[in-house]
Structure formats: structure tokens, C-alpha cells
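Visitor: I would like to learn how to read strands and their neighbours in a model like this one. Could you take me through it step by step?

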Amino acid sequence: MTSQEQNPMDDLSKKMESQGYLEEIRRILTGYNRKELTQLNKLLKDKKAFAAEISQLLPEAFSQLIESGEVNLDTIQPLVEETLKDSIKKNPRTLSDILFPIMMPAIRKAVSEDIKRMLDTVNSTLEKGFSPKRLAWRIQSIFSGKTYGEIVLSHAYIYQVKQVFLIHKETGLLLAQANIDDNPTDADLISAMLSAIKDFVQDSFRSGKENLDAIELGNFNIWIEQGPKAILAAIVEGNVPQNYRLLLKETLEGIHIDFSYELDNFQGDITVFQQDKELLNKCIQKEKKPQKKSKPIAALILILIVLGSFGYWIYEKAIEKHHFNQFVTSYNNTQGVIVTKTYKKNGQWFVYGLRDPLSEKPGRLLGSYNLQPKKVKFKMKPYYSLSPIIILKRASRKLKPPGTIILKYNSDTLFISGKANKNWIKETKLTAKMIPGIETVIFHTTHSTSNRQQKLKQKILAIENTVFSFPYNGFYLTEQQQQEFNKLIKETKSILKFNLNQDSIPVIIVNSFTSKSGNANANKRIAQERANQFINLMIKAGLPPEVMVPKVVFEEKMKKSLPPRSVSFKIKYVKPNNL
Amino acid sequence: MIKKKITMLGAFAVGKTSLVQRFVRSIFSEKYHTTIGVKIDQKIVQIDHQDVNLLLWDIHGEDEFQKVKPAYVMGSAGFFIVMDGTRKNTMNIGLDLLAMAQKVAGNVPFIILINKSDLKNDWEITDSDINNLTNKGYSVILTSAKDNIEVEKAFLTLAKKLLN
Ligand SMILES: Nc1nc2c(ncn2[C@@H]2O[C@H](COP(=O)(O)OP(=O)(O)OP(=O)(O)O)[C@@H](O)[C@H]2O)c(=O)[nH]1
Ligand SMILES: [Mg+2]
């Protein structure tokens, strides 16, 4: 049995199909053939394909609508703008987050195009000139594969990137840093400040689309590169080539990609960023120029072309003079320095004036104005400056206060507070007033016992707490007492070595205790004998006889009770003439 | 090391700078130098055997001339609202700033400091005012930057809250 036999209608349609009848009927009824119909059917069911199809039509439809005047562009435009504005206002970050990865490469490309164009101009302008230096550069260009212009520009820079900070944008916290030399600065504070400055600028100029990208700070510039989550700040000096900006951008982009999770979920833990030692290292750069001085690139090129090497020479002198004047101003502002006269002779600068020996030496200051020490001669006479900082320096130089003392200075008065030993305080009371600039001295000090004194006191206490007691009618030391005796001798010897005060010496009083009960006189005699015997033992053990004094003490006089027939000790310091 | 940003908020002359200086440098000055913009200090404290670097953003006080910029508060892990016990209106300004800070920094820990407790006799903020604050669930600490009362405790308590 087959299915065909079961359903005659099916059988019929199959037959018609195979002979093309059905197709013919469909075409007559709908105007479409089968193939077209299945295509339409498919299109309607597949949402994506349908949307794609419509989207091709929509613009056309839209422009037709506008043309016919049925839709007015002027009414749509504000609507779209409003929506966009609203969305940006609600969450500006989302939009910039989306745009950042797309825009940055484009911007970068545009910038490097600019540089290329500039290099081209430089090329054509410079190739006409000639000098030995340029010849060298030209040779360098042949061997290095760089264009001549690139090399000229690279020789015009002298710059240094001193420090690079990676800062978490929202919190202003320092994530990582790299330094050109390893002098640690308050990087945490600097980065927080930078972020505060950035907040301030962005808040104050909200209307402008200006993004803070550089801050000038005297000799330094801070280049700031901002991403959605983090900021890269580079402290630079000199003429930094523009492609350094690209490096910052690329580094920052890379960090956004590599650390996107950590940046999003930052809770103050910076270990991940610190672990990556190479993170910022390539942003630390410097480039030295064969000449001594740095000049702005533009100015350099201009002068090379217009004035040639003579102009260049004049320029260099002018810069030097400018630096020198700046230097003199700030040197004159240094505490303890008065500049009276400066002049130049035979290419050498002279500085006359007064200088307190305690004021800062000019060497470092010269360096920060790009002046070579050997170009500047100082003819400074010494004087005592009365500037508070110098007076304070002078005082601490002279008085050498221990770490526990704080010196303060205010209108002619030196305040000394803290703890110090007696001798220092005594000495200081005499010397402090003689320091130039100090009229009155006010003390808020307490005495401190020195370590030595402390130790001595402990030893004396130990000796005075030692007691030897003897049996009735016997004078010998038990084994345990012998040990205690040895200790006593050792402590006593070390006390004798200890010269606490030049004008007094220690005396060991050997107290021998007895009682008044019974025959007081006999008791006293026995006690005296015991003391002498004990002193003999001590002499045998090596103590000098002259420092020991026997003394009999009646128990009745004692506050605390000691065993009868016992010996104890007392250390006294006496002046030798009282002996 | 863990780092945390903490912001000092409050009306002018309530003692924000004094509190920070007392905590960071153990100093106090009677002289009043109003803060312009932000002054940032740092101090490393130990919380549960762990070093934490607190970056303290001491922001200028809010008055009719300068409003506090919300951007300064952004990213704070926690903040202080400082009031001056002797000036009642500093409480209202403080509460306004609290609302602003919570909007900007989100639901982060904060402590209300009522400062100048050494002048308790001249206080305009009363015990019932303070009760109202604590009843809202706020932590309140009465401090004196001048006499060093509860200053250290205030900072350490907040730091501890930040780490939980
Ligand atoms: N008696 C007393 N005076 C205080 C205390 N804290 C601060 N002051 C004084 O209050 C004045 C203002 O203190 P600041 O710390 O500068 O106040 P501020 O909140 O930083 O002020 P702005 O920076 O202008 O917002 C100063 O004269 C301080 O000496 C305190 O605990 N007790
Ligand atoms: Mg302040």
C-alpha cells in the first residue's frame, strides 16, 4: 500500500505540479511566480533581513517625505538634538566611553599627519642650507634610514620626562608611577593635587569643550592625557616632541584595555598596577642635544634660516642672560643672601654681595637655570643674616640640641623646649644668648637622666639591696653567699670605674647590724669586728681599701628589720675634701 | 598598599583644616586662614595590621560666595561632614552638603563631626539636635581640634568603616 493510493487529492496536486499547472494558476491569481513568493515569504519571517530591506528604503522614503513637505526637518532637528543632549547629560560617560576607542586612533592619525606635513616643510626649507653640522645630520640620515627632516627636528629637542603618574580618574589616587631617577617625591600628594586641579578646571570651564591637557609650572610642564577611567600625567622639561603625546595616548589606551576590569572596580588597592613594572617605563624619556642650551624648536629653525649661525650665537647669549637674570632674582630671594652687584666680563658672570655661611649654596640653583657653575664667579662677603630661618639654623648648629629638644624662633626670641640633660641646659643658658640674632632665650625644658645615670642608679640599688647574714659566733660565707659576694664585687668595681661627677667619688659604707639587747658594748665590738672582716674580704677581692668605711648600726634604729648579725651596704658620693 | 580618598565637608570656619592638621601633623593654630580650593594631605594609618594611605581632601567651606564643587567629592571612599557646635546654621549647611555628597559619591561611609567641643558652654547645637541626628542613624562624634579631643578616633573610625 502506498500513500498515493490513500489520498487521491495529494496525488492530483503532485501531478499538476509536475506538469506546471499549479504554477500557472498561481501566476494568474497573484501575478507572482512560485520562486518570487517563497522569497517574499522568507523575507517577512526573517526579521533581520526584513529590517535590512526596509532600511534601504527608509532614507529614500524619508527624503521623499521631506521633499513633499509632509515632514519638516526644522521640527525634527531640535527633537534629535534634545534627545542626544539629554542622554549625554544623564550619563556623559557612557557616550565618551563608547567614542573613546573609536575616536582616539582617528585623532592620533590626524595628529601624526600634521607632524608629517610639518616635517615635509622643514625638509624643503632646510635642505637648502649648509653647515658642517647639517652635513653630519645628512650622513646620519643616510645611515639611519630616517629622513633628513626627522633628524634635524630630533636634534632640536632637548627634553626630559622626569616623572609619569597614572592616576585613577574618579578618586585621584595614584595607581602607578615611574621616575627618571629614583628620588621618591610625594607622588601620592602630587597626583591628588593634579586631579583636584583637573576637577577645578573642568568644573569652571564646563561650557567649553576644553579638556585640560597641560599645566605650566615654572620650569616644568605637566602633560595630561585623560581617558575615561584613568589619567596619565607626565612632568616634562624642555621641548618635548609632539609624538610624545602619542606615546602617552597609546600607553593610556593600552592601560584601559589591559586593566579595564581593575579600573572599573577600583577600591583603593593598587597592587595589580604596581606589579607591572614596565607599565609606565617607556614614557620616561629624555633626549640630549649636542649643544649646551635648549631652545624652542620653532625659534631654532627660524634663526637657523634667517640669521644663520651669527644670529644663533646672539640668541644663545640672550637666553643665557635671561637665565642669569632669573637666577640672580631667585638667589637674592634666598634666605641669608644679599646680592649687591652683578656684571659680565669676558664671557664670565660676576656676582657680588653678602652671604651667610649657613645659607644655601648657589650650585643647585644654578643648575635649575641651566647655568654652568664655571660661568658664574661669586664674590660674596660673609655676614650674619638675621633672617629667622638662618638664625634658627645657626642656633641648632651652635647648640647641637639632642633630638628631644625643639628650637623655635620668633622676633628675637629663641624658644627651647623639650628634654635634655643638665649639662646641656646649663651650657645652653650661657651660649644661646651669644648667637647673633638672638636677644632673649626662653626655656621650657626638663632634665633627662642619661642612660648612663640610669644604669648607675640600678647598680647602686642592687648593691644596697644585698644583705649577708652570719651565724652566731661564726664568720664564713656559704656557697650561695660566695656567689652573691662575687656579684657584689663586680658591681662595686663597675661603680668605681664610673666617674659620674668629677668633683665627687663614691664611698661604700659597710653596715654591720647588731642589737642593744644583752651586752650592748660587747655586741658593738663584735659587729665592728665583723665589718672589718668583711672589708678585708673585699680588699682581697681587689677593691681599694680607701673607699670602704665600716659602720655599726643598732637594729633598734632600723625601720625595716634585717636578720641579726648581718652586713649590708650603702653607696655615698662625697667630695674628696670632705673625707 | 591600599589608598583611600576622604573628603572634609562643611560650612566655612568649622575647623576642617584644623582637624586635618591636628590629625596629620599634631598641630593647631588659633589663626583662621580660610582654605581656597582644596588642600590635600595624607597620612598612613594601620587598620587591622594593614597599612592604609588616607588622602585627605580638605575642601574650602561652603558659604554664600563659593559653593562646594561636586567634582571634588567624586570618588571619595568616605567623608566627614563637619559642623561647628557654636554656630547652629553650620548644621543645616552640613546636612545640605551631606545630601550633595551622597548624590555624588554614592552610599559610602561618613561621620558627622561636631567640632569645637572645648567651647561646649557656648554651643548652639543642643543635645536634642544631636539626638535628632543619631536617630536618623548617622554616626556623630564631638571633637575638638584645639584640645585634641576624639580627633584621632574620628579618623580611625572612618578608616575602619572604609575597609569593611
Ligand atoms: N576653640 C576651637 N577653635 C577651633 C577648633 N577647630 C578650629 N578652630 C578655629 O576655628 C577657626 C577656623 O578653623 P579652620 O580649620 O580654618 O576652619 P575651616 O573649616 O578649614 O575653614 P574654611 O577653610 O574657611 O572652610 C580657626 O580660627 C581655628 O583656630 C576647635 O576645636 N576649638
Ligand atoms: Mg580650611
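This is a predicted model: local features need pLDDT of at least 70, side-chain atom pairs count only at pLDDT 80 or more; totals for chains, interfaces and linings use all residues.

Visitor: In which sense do β7(A) and β8(A) run, and how many bridges join them?

Guide: Strand β7 (residues 337-345) of chain A and β8(A) run antiparallel, joined by eight bridges. To see the pairing at the level of residues, look at A:Y343, which stands opposite A:F350 in β8(A).

Visitor: What does A:F350 stand opposite in β9(A)?

Guide: In β9(A), the residue opposite A:F350 is A:K377. The pairing of β8(A) with strand β9 (residues 376-382) of chain A is in the parallel sense and extends over seven bridges.

Visitor: Why is strand β8 described as largely enclosed by the rest of the structure?

Guide: A residue counts as buried when its relative accessible area is under 20%. In strand β8 (residues 348-355) of chain A, six of the eight residues are buried, so the strand is largely enclosed by the rest of the structure.

Visitor: Is A:T251 buried or exposed?

Guide: A:T251, which lies in helix α11 (residues 243-258) of chain A, counts as buried because its relative accessibility is 5%. Leaving aside residues up to four places away in sequence, A:T251 touches A:L232, A:L279, A:K282 and A:C283.

Key: Residues are numbered from 1 along each chain as its sequence is written. Chains are lettered from A and ligands numbered from 1 in the order in which they are written. Side-chain values use heavy atoms; hydrogens and water are left out. Helices (H or I, at least four residues) and strands (E, at least two) are DSSP runs, numbered from the N terminus. Buried means under 20% relative accessible area, exposed over 50%, partly exposed in between (1.4 Å probe, protein chains only). Contact means heavy atoms within 4.5 Å. Two strands pair if DSSP finds at least two bridges between them.
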